[in-house]
Amino acid sequence: MSQQASSTIDPVITAVIANRIDGVVREMTNTLLRAARSSVINSARDFSCAIATGDNQLLACAEGLPIHIFGVHNQARTMTEYHADLAEGDAFLHNDPYSGNTHPADHCFLVPVFFEGEHLFTAAAKAHQADIGNSIPTTYHAGAKDVYEEGSLIFPAVRIQRNYEMIEDVIRMCRSRIRVPGQWYGDFLAGIGAARVAERRLKELCAKYGKEVIKTFTRDWLDYSEQRMIHGIRKMPKARMVNTGRHDPFEPLLPDGIPLKVEIEIDPENAAITIDLRDNIDNIDCGFNESEACTVSAVMAGVFNSLDPEIPRNSGSFRRVKMLMREGAVVGKPKFPHSCSVATTNVADRLVNCTGAAFAQLGDGYGLAEGGVGMGVAFAVVSGKDHRAEDNPYVNQLIIANNGGPASARADGWLTYGLPVVGGLMYRDSVEIDELKHPMEFKHMRLVAGSGGAGRYRGAPGCDIAFGPKEHPITVIYPCDGQHFGAKGVRGGDDGTCAEGWHISANGLETKLPNVTQIEIKKGEQIRGLDSSGAGYGDPMQRDPRRVLHDVIEKWETPQRARELYGVVFTGSIEDESLAVDISATAALRAGRTAEAAPAE
């Protein structure tokens, strides 16, 4: 039975519906994860799902990657602007970085959801593709002078289903251009399927509570989210912060790298944050330009990383943040035809870091250090011929890196952080599954002990990885930032270590590779890479002694081992933070050992 509509909705019903809609997003996520064909989606989870309102406001994005979902409502707006004849049964493909999408490799499937003839929601499933028809076999074409050299197929909110029937023209276009069409088509169907799951569940929700109650909920939920944001901002001091960063050089075009600047003004009285990005360089003739969606998402991720984590991420909370940017800038609104091929990572990672670290200027307890950056060897797009499958072609992106997470004001960095733009929300590939899916062999994968930036809280370490082909050569392409400028510590914390990459010949000779690499690895050869580590927060000399003891115990394996090897006796336990050195027992043990070792009279 439908609930009766009212001008204000019961807070209990609001919480129930909000959690139900988050549950719908999670069901979309599970559908896409289980149904997709490419490992970049079904193993690494490089995708996000979200729901926008019928009037194009972001409503829910549970567990979505920050770089993907903070601009989904703008893609929904493009869909409604381009198609005045929206109808039930429609579905659209959108990957145009000039009209709301992140970058061309992110195919976003949009389904308008109608109930009783009214467009109430738009379901969005956005997934990074293994291949999109670029001029070289990668979805990150760093060297592309413009979109024409980039070569990707662009779909600005193009209709792909009408009345629930597939429009085969679009399918044929993609199949004729994309390198492994069967893999792409499986991912294509999975994306549409995830959005259709949301359509069914949202219709059920509307049928249960009634259209007017649902419309009242969306209004009240966004207003509530804004109030939570107001409360969070008012707890901050009034301040103006300026922070800078720099992307690595890209020879010969950018010998000094890409300088970045973020200016932030916090106005607690009016509960507003203003972020000014206008003082950044113009668009550049390569693939490192940011789309507007990536600019907004990266900066908003940095802001939310510095606020109460319970604040909902939607258009309601976005109302309190004003973004100032200009057209034709590397950070802002790109001017066609400049390429945005690498928009979701490199410069975007720096923007997340720059924004989050700026908040540390407010004082101890605010902000966080910079996280490890770099789409290096362990993030490479690999391609070639599979000798196990009649030399059929393959192409996929590896997501097996970790890039150490940043230390915060309250915790050490997260080990499987990945990149600032994903904040640990992606999965890491399985070595065994990657070796099953691709004709390659991993030689080693190990953490680099002690590489995290020291601090009161320390950054997470990087990883060392190496792999090579089993038979035919393998083409490896990656645009690795972080080889020149590592993650920066804040409030006295140390910087993280930089990324690196090498080609290892069949006789073991290591040759250092440039940060943007396209290389063919032959049988008997390897490619090796180091991920960058996260930076530290606060003075290392202020680190809690119990945490230091924890580190020492890990090195010694167990307190019993410490006793046997070094004559150190501990009391308490690590788990309840009561671990301490028993000074008198240690002294007695060592005195006893000395007496035992003394020669008899």
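A search of the whole structure, a predicted model, finds 13 aromatic pairs (rings of Phe, Tyr and Trp, the last by its six-membered ring, with centres within 6.5 Å; planes under 30 degrees apart count as stacked, over 60 as edge-to-face and the rest as tilted). In this predicted model, local features need pLDDT of at least 70 and side-chain atom pairs count only at pLDDT 80 or more, while totals for chains, interfaces and linings use all residues. Residues are numbered from 1 along each chain as its sequence is written, and side-chain values use heavy atoms, with hydrogens and water left out.

One of these pairs joins Phe 109 and Phe 188: the ring centres are 5.5 Å apart and the planes stand at 75°, so the arrangement is edge-to-face. Because Phe 109 belongs to strand β4 (residues 106-115) and Phe 188 to helix α7 (residues 181-209), the pair ties together parts that are 79 residues apart in sequence. Helices (H or I, at least four residues) and strands (E, at least two) are DSSP runs, numbered from the N terminus. Both Phe 109 and Phe 188 are buried (under 20% relative accessible area; exposed is over 50%, partly exposed in between; 1.4 Å probe, protein chains only). For Phe 188, the relative accessible area is 0%.

Phe 188 also has a stacked partner in Tyr 185, at 6.0 Å centre to centre with 15° between the planes. Tyr 185 and Phe 188 share helix α7, where they are 3 residues apart, about one turn of the helix. Together, Phe 109, Trp 184, Tyr 185 and Phe 188 form one aromatic cluster.
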